[in-house]
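Here is a briefing on one helix pair and its contacts. Please look over the model before reading on.

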Amino acid sequence: QMRAVWASGVLAAALFIGEASIKTHLQPIYDKLGVRDRASAVAEGYRRRLPRDSTAKDVHANADQGYA
């Protein structure tokens with residue numbers, strides 16, 4: 001889950017990728033949600049009730065099968 005309190009550097013370190021990669025991948029999410037920053041994206045996600053339970057279950061099932 002993306003949380004407003006996680007800094008890009010912390011996410012990058014946890015995922016073993018560069019901080020620039022985090023920022024690059026977050027921008028399309030911001031665009032799709034119609035927001036400008038991470039805190040707004042989190043707030044909009046909660047407003048839209050994302051991820052929905054069924055979506056989260058599908059993602060985990062696909063990850064277990066190697067599809068994520």
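Is Glu44 buried or exposed? Glu44 is buried, at a relative accessible area of 14% (buried is under 20%, exposed over 50%, partly exposed in between, with a 1.4 Å probe and protein chains only). This is a predicted model, where local features need pLDDT of at least 70, side-chain atom pairs count only at pLDDT 80 or more, and totals for chains, interfaces and linings use all residues. Residues are numbered from 1 along each chain as its sequence is written, and side-chain values use heavy atoms, leaving out hydrogens and water.

**Glu44**
- Glu44 lies in helix α3 (helices are DSSP runs of H or I, at least four residues, numbered from the N terminus).
- Glu44 touches Leu33 and Val35, not counting residues up to four places away in sequence (contact means heavy atoms within 4.5 Å).

**Packing of α2 and α3**
- Helix α2 (residues 19-33) packs on helix α3 (residues 38-47) at about 45°, with axes 10 Å apart (axes are lines fitted to C-alpha atoms over the stretch in contact; angles run from 0 to 180 degrees between N-to-C directions).
- From α2, Ile22, Leu26, Tyr30 and Leu33 meet Arg38, Ala41 and Glu44 of α3.

**Helix α2**
- Ile22, Leu26, Tyr30 and Leu33 of α2 are buried.
- An α-helix has 3.6 residues a turn, so residues three or four places apart point the same way.
- The cover over the buried residues of α2 includes α1 (8-15) and α3.
- Gly34 follows α2 and has a positive phi, near 70°.

Conventions: Helices (H or I, at least four residues) and strands (E, at least two) are DSSP runs, numbered from the N terminus.
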